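Student: Before I use any labels for this chain, I would like to know what each one rests on. Can we go through them one at a time?

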Amino acid sequence: MTDPHTPGLSHVRADGSAHMVDVSHKAETSRTATAQAVLHTRPDVLAMIVSGDLPKGDALAVARIAGIMAAKKTPELIPLCHPLPLAKLTVDFFPDAAAGTVRIEASVTTRGVTGVEMEALTAASVAALALYDMTKAVDKHAVISETKVLAKSGGKSGDWTLGEQEA
């Protein structure tokens, strides 16, 4: 969406330089976003992750805290992101033994003038990176994939869920 005060791309001024979009004119609304990342590993390593038996310890606990901490640092990590007061943030794990995966799902809620998709993506991504770090000693071939926004709500553009056709 384009900033009404800036013609063209929302984060680029007429001279081509980047800037943070002015959101001071936007109404404050309740906003949520959910994102995921997936760690692919071997079934034996997945069993160690779930049981907390990795050589480095309880990977899920470490990854959850890493994801939460990362979401709070999003404006420091992603240029031009606005700092937001995060009202709620969850990082959950969904192991799939048959697939040898752990799906990480991060959900973020705020009341503000801009969305929290980047905070949800940052939480899911960093939680996946922490899981990778905890497992690399036993599986150097683990892969992180499928990082994406699953849903968002609030704001002028309304609600959106991945897979739903947009009108």
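Student: What makes a set of residues the largest nonpolar core here, and which residues have the most contacts inside it?

Tutor: A nonpolar core is a set of buried Ala, Val, Leu, Ile, Met, Phe, Trp, Tyr and Cys residues joined through side-chain atoms within 4.5 Å. The largest such set has 33 residues, and those with the most contacts inside it are Ile49, Val91, Phe93, Val102, Ile104 and Leu131. Strand E1 (29-40), helix H1 (43-51), helix H2 (59-72), strand E2 (86-96), strand E3 (101-112) and helix H4 (117-135) each give two or more residues to this core. The largest share, 9 residues, comes from H4.

Student: What kind of model is this, and how are residues numbered?

Tutor: The model is predicted: local features need pLDDT of at least 70, side-chain atom pairs count only at pLDDT 80 or more, and totals for chains, interfaces and linings use all residues. Residues are numbered from 1 along each chain as its sequence is written, and side-chain values use heavy atoms, with hydrogens and water left out.

Student: What does Val102 touch?

Tutor: Contact means heavy atoms within 4.5 Å. Not counting residues up to four places away in sequence, Val102 touches Ala37, Val38, Leu39, Leu46, Ile49, Phe93, Phe94, Pro95 and Leu131.

Student: What makes something a helix or a strand, and how many of each does the chain have?

Tutor: Both are DSSP runs, numbered from the N terminus: helices are H or I with at least four residues, strands are E with at least two. The chain has 4 helices and 5 strands. Their order from the N terminus is β-α-α-α-β-β-α-β-β.

Student: Why is Thr135 called buried?

Tutor: Buried means under 20% relative accessible area, exposed over 50%, and partly exposed in between (1.4 Å probe, protein chains only). Thr135 has a relative accessible area of 0%, so it is buried. This residue lies in helix H4. Leaving out residues up to four places away in sequence, Thr135 touches Leu39, Val45, Ile49, Leu54 and Ala142.

Student: Why is Lys156 called exposed?

Tutor: Lys156 has a relative accessible area of 75%, and therefore counts as exposed. Its place is the loop between E4 and E5. The C-alpha atoms of Lys156 and Met134 are separated by 40 Å, with the two residues 22 apart along the chain.

Student: Why does Thr32 count as partly exposed?

Tutor: Because its relative accessibility is 28%, Thr32 counts as partly exposed. Thr32 is found in strand E1. Apart from neighbours within four places in sequence, Thr32 is in contact with Val108, Thr109, Val116, Ala151, Lys152 and Ser153. From Thr32 to Thr161 the C-alpha distance is 11 Å, although they are 129 residues apart in sequence.

Student: How much of the chain is buried?

Tutor: Buried residues make up 37% of the 167 residues.

Student: How do you know that E1 and E3 pair, and how many bridges join them?

Tutor: Two strands pair if DSSP finds at least two bridges between them. E1 and E3 are joined by 12 bridges and run antiparallel, so they pair under that definition.

Student: How many bridges join E4 to E5?

Tutor: Strand E4 (residues 143-153) and E5 are joined by 2 bridges and run antiparallel; at least two are needed for a pair. Lys152 stands opposite Trp160 in E5, and Ala151 stands opposite Thr161. The two strands form a hairpin with 6 residues between them, and Gly154 in the turn has a positive phi of about 95 degrees.

Student: Which bridges join the other strands?

Tutor: E1 and E4 are joined by 8 bridges, running antiparallel, with Gln36 partnered by Lys148 in E4. E2 and E3 are joined by 10 bridges, also running antiparallel, and Thr90 stands opposite Ser107 in E3. The hairpin of E2 and E3 has 4 residues between the strands, and Gly100 takes a positive phi near 70 degrees.

Student: What is the strand order of the sheet, and which strands are at the edge?

Tutor: The 5 strands form an open sheet in the order E2-E3-E1-E4-E5, with antiparallel pairing. E2 and strand E5 (160-161) are the edge strands, as each pairs on one side only.
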